[in-house]
Amino acid sequence: MSHAPQVRIPATYMRGGTSKGVFFRLEDLPEAARVPGDARDALLLRVIGSPDPYGKHTDGMGGATSSTSKCVIIGPATQPGHDVDYLYGQVSIDSAFVDWSGNCGNLSTAVGPFAIANGFIDRARLPDNGTVAVRVWQANIGKTIVVHVPVANGEVQETGDFELDGVTFPAAEIVLEFIDPSDDGDAGAQLQNGMFPTGNLVDDLDVPGVGTLKATMINVGIPTVFVNAADIGYTGTELQDAINGDAKALAMFETIRAHAAVRMGLIDDIAGAATRQHTPKVAFVAPAADYVASSGKAITAGDIDLNVRALSMGKLHHAMMGTCAVAIGTAAAIPGTLVNLAAGGGARSAVRFGHPSGTLRVGAEAREVDGRWTVTKAVMSRSARVLMDGAVRVPG
């Protein structure tokens, strides 16, 4: 057995929105891990502590949830008009697998502050006090994200009074703009249908063992399939414990997700879902109703337009994925989708929805051109904070 010393790699542990992950500069990675491949995946798996049959990540930086088993690689911009390239890896907890098929909207928030703190932004662009727009190239899906980072005394402002449901303490507000967020580049042969890969706002989705479900399947922010909560026996006010401890329910959601992935053209057959865990997401919607959030906070029907619950990496998310929020906001803006109907129908440019930790508002600019819906941008506010910086260590 080798007794070589551990490898030390500069890194920053950051919270972005309701997620947290390990951030690396591309140049700081070991040479073999600076390019996509087995070496990079093996490194990130070991950093996080996966695969872990105990489901605890005791021997790594992960938190044993989909929100905390994440790695980010930031490098110099490869696209004109951008400041940095941002690559996101969703690390599986119990298998040796890193999913590169999508973005993390929550961690996108932290990319701007990380870029500033790590010298990717010309200091001359930073105001003494104000906001700087960091243009990020999201390399997983080939999209632009503009992160509006507050600056105080020439440095990133992290503290503030902005409260985000799902995060315990307030921080500085960071506004995110997802530019042209339709993820139709991942729709394969069905690209011609734009953000709706089947060409329909609502489809009948046949799911063996479940039945035929009404479904809105959309590729914006992240590929997502929406179904009605009532059609699968839920109210839309559920918290994590109601679903994550129910093996039968989790299997049902994975079956829905797999069959939707085939209909969306993301995989060729059901077996492909096992190697594409991060996308698509599956979510269920319901009209606004009172419930008590996981923090004990009372949410009333008057506070929200609808309720949405979404699963990530096979489990109900504790709040809402940022990219899924983009999908929710866009679908809500398009009359006739299940999300729009749950919100009461009609045209809208913003929606506030309830999730297990509270509420979230997201805006979207959607329009119909020649019979096809397009979205120019989606906007929402999050926050981010450096939790620790220095270096991670992994066995050589």
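**Helix α1**

I began with what covers the buried residues of α1, and the cover includes β1 (7-16), β2 (19-25), β3 (70-76), β4 (84-91), β5 (98-99) and β21 (384-394). The model I am reading is a predicted one. I then listed the buried residues of α1, which spans residues 38-48. They include Leu43, Leu44, Leu45, Val47 and Ile48. Arg40 and Asp41 are also buried in this helix. I checked what comes after α1 and found Gly49, with a positive phi near 100 degrees.

**Salt bridges, count**

How many salt bridges does the structure hold? I noted 12. I looked at some of them in turn.

**Arg263 and Asp203**

The side chains of Arg263 and Asp203 meet in a salt bridge, with N to O at 3.2 Å. I looked up where the two partners sit: Arg263 is in helix α4 (residues 247-263) and Asp203 is in strand β10 (residues 203-207). The pair links distant parts of the chain, 60 residues apart.

**Arg257 and Glu254**

I stayed in helix α4 for the next pair, since Arg257 and Glu254 both lie there. Their side chains form a salt bridge at 2.9 Å, N to O. The two residues are three apart, about one turn of the helix. Arg257 counts as buried, at 7% relative accessibility. Glu254, with a relative accessible area of 32%, is partly exposed.

**Asp305 and Arg348**

For the salt bridge of Asp305 with Arg348, I noted 3.8 Å between the closest N and O atoms. Why does this pair tie together parts that are 43 residues apart in sequence? Because Asp305 lies in the loop between β15 (298-299) and β16 (306-312), whereas Arg348 lies in the loop between α6 (338-342) and β18 (350-355). I also looked up the accessibility of Asp305: at 26%, Asp305 counts as partly exposed.

Notes
Residues are numbered from 1 along each chain as its sequence is written. This is a predicted model: local features need pLDDT of at least 70, side-chain atom pairs count only at pLDDT 80 or more; totals for chains, interfaces and linings use all residues. Side-chain values use heavy atoms; hydrogens and water are left out. A salt bridge is a side-chain nitrogen of Lys or Arg within 4 Å of a carboxyl oxygen of Asp or Glu. Helices (H or I, at least four residues) and strands (E, at least two) are DSSP runs, numbered from the N terminus. Buried means under 20% relative accessible area, exposed over 50%, partly exposed in between (1.4 Å probe, protein chains only). Contact means heavy atoms within 4.5 Å.
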